[in-house]
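Trainee: Could you pick one place where two parts pack together and walk me through it closely? After that, I'd like to hear about a few other spots.

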Amino acid sequence: PGFDEVLNTVPPILYGWGANAGFGYAGQHTFTSSRQSDVEIVFDHLGDVGMYAGYPRPLNIIGKEWATAQNTVYEGLVGGWLQIVHFVYQVNATVRWEMTCVPIDGDDGNREQAAMFRFVRISNGVLDKQIVFDTYSYNPAYTPTTTDFYQALVSHNSYWGSLFASSNITTFTIPNTVLHDQSLHSLAKDMITRRASYWPKYGVCGDPGGCAYGGPHNNGFPETFTATVMAAVEWGLFDYAKGVISNFLTYYIRPNGMLNYRGLEMAQHARILTVLGLYYQYSGDAATIAAQIQKIGVIIQLLQSRLYASRQLDRSDPAYGMPIGNDEADLWLDDIPLGSTEYPFYSIALETARGFIEISTALERVGNATLAANLTQEAKIIKSDFEVSMGRSVNGTCYPYVAGVGVCDELPNQKSIRDSEPWRTYSEMFYSNLLSKDKVQGIVKWNTENSLMTRIGALSGTGSDCCGQWIQTFTSHGYAFGLLQNDMVPEFLLQLYTISSHGYTRGTWTALEETSIEYLQGQPYCPPAQLSVPLSVKWMLLTDNSDEGIIYYGRGIPRDWWSSPTPITVTRGQTRYGPTTFSYTPTQTTVTFSATLPTAPTGYNIKLRLPPPMMVQSVHTATGTPLSFNTTTESVFLPSGQYQGAVSVVFYM
């Protein structure tokens, strides 16, 4: 299905966490803030902040017209992707109210969040009432003007434009403006969630609803680190990634390799090594890796201790060589009364292998060549042991996610409803990119055919675990990555469209940790969910595979985009082999691919998936050299030994 078809499958998500009827608040829906503040302005789906929040409320401003205005409310963002929240209240066919909230950005050290609010009433196309507030509702000694409001708006636009430009962020154009705006908005939203630029928060505090995931007890949640660094690296925000890395390793990794958090998620602990390795490979910043080498070392040692313990089992045991651990940190509470809830999740083994592979390049660069070689060899052994274990565990109907337990939904005889979360574990297995294609296809097939495991193509709760049948947006990155790496483009796009349309609030683009399409409600906002769209959009346009030494261009671009005359362009697209700038320019009879190629070890795969009945008839370089078009993969391969630097490839239809 196309984007609009998925978008219109069910109505928008409305209701959020922390509803409080006594305060006139329907729950956390969206928010705005700035990078400098510790405070967020949190709105429900009607644009209300609730009683006693201190900010102006639409029901008080609109007055007697509120009774009808609240029945038809539209939401959006000024500037497409900025943090300026805009609500429209349609009173009747000729009268509407509009509310706009502009957060004040600045570096004055003030941790409170100032904002400019403007309410306008428009009747028959004419503005007949306008009220401007400076942060709080009432101050008789000061009346802000419309000029003050517009100055704040222009300043906010300039702030984010300058920040992204100075960061050398990847810029791009695509036919789908929603995915474009969601991507940029999400990267900025991740930034404003953090305290003092780099200190982590897993959410925001929701006025009458309370702090939700914004409470300090959630700061160390590992996905907040791994998702942020992955997105920052993929989009070229290396200074931001560096600050986040230095903060996390300094303050959240303990000297023994443990985490300053309520429990360990072993697969995510291994992913820490992966994102650190990718940070070095993309940015070339060896100094940051060297400065944190002690903390990196203790993470490796902790993972090795789990790995070596698993090798004490008999070799005939399916769990041999498969480290045990929890996949969910919240299980620490169940471990006390119930005993250990740790299992040999395959995600732990595979993510450990991937972490060892990716960190090895950085370790070698900073003078730890012996350790790097040892970890590379360990990764090969883990992969081999995994294949043996899976062969002993598979039950003939599906590929399980726990060694020796031949089930693919919830584990039998669990000690709690959190012991196993297949949606999380499968996603982490996919993220490792160490599953063979037949296993990826088998897992997708089983999850798709099991009505309790997916909702509109996105992994969901099992129905009886912790999370009902809610779409799991915050763990969706790995599943997306694995789908695309295995050329399962329709499945990749279906999940992306579902997450974009039903994992985010409609128009204000705030991603909720998980959402129910049946009840049109969601859990609180969290940054890992927010980063799901920008990660998928980046991979759709540009990705690489270190195991193959290949850069993939346009691997996940939807077929229907070629019905649009809009060129697809990417400037400073990031890969582990260096940045690349490229474009696809369509005409009625051709699509021209032009790029500046970095030096990839093996070569470059250029994909073009045309919509039927359009077909590629032939492919040539700009100088007329014929190229072979693979009709199965719908791509052209350019060997790196023959093609470097600037190239142009013309697809004739």
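Mentor: Let's start with who touches whom: from H7, Phe238, Ala241, Lys242, Ile245, Phe248 and Leu249 meet Ile272, Leu276, Tyr279, Tyr282 and Ser283 of H8. Contact here means heavy atoms within 4.5 Å. Keep in mind that this is a predicted model: local features need pLDDT of at least 70, side-chain atom pairs count only at pLDDT 80 or more, and totals for chains, interfaces and linings use all residues. Numbering starts from 1 along each chain as its sequence is written, and side-chain values use heavy atoms, with hydrogens and water left out.

Sorted by class, the contact of H7 with H8 has 9 nonpolar, 1 polar and 1 charged residues. (Nonpolar covers Ala, Val, Leu, Ile, Met, Phe, Trp, Tyr, Cys and Pro; charged is Asp, Glu, Lys and Arg; the others, Gly among them, are polar.)

As for geometry, H7 spans residues 238-251 and H8 residues 266-283; they pack at an angle of about 145° with axes 11 Å apart. The axes are lines fitted to C-alpha atoms over the stretch in contact, and angles run from 0 to 180 degrees between N-to-C directions. The crossing of H7 and H8 is left-handed, meaning the near helix is turned anticlockwise from the far one by less than a right angle. Helices are DSSP runs of H or I with at least four residues, strands are E runs of at least two, and both are numbered from the N terminus.

Now look at H6, residues 222-234: its 13 residues reach 18 Å from first C-alpha to last, close to the 18 Å expected at 1.5 Å a residue. That expected span is 1.5 Å times one less than the number of residues. In H6, 13 of the 13 residues are buried, so the helix is largely enclosed by the rest of the structure. Buried means under 20% relative accessible area with a 1.4 Å probe, protein chains only. After H6 comes Gly236, with a positive phi near 80°.

Another glycine to look at is Gly47, in the loop between strand S2 (41-43) and helix H2 (58-62). Gly47 is buried too, at 0% relative accessible area. It touches Pro58, Phe87, Tyr89 and Met99, leaving out residues up to four places away in sequence. Of these, Phe87 is 40 residues from Gly47 in sequence, yet their C-alphas are 6.4 Å apart.

Technical notes. Buried means under 20% relative accessible area, exposed over 50%, partly exposed in between (1.4 Å probe, protein chains only).
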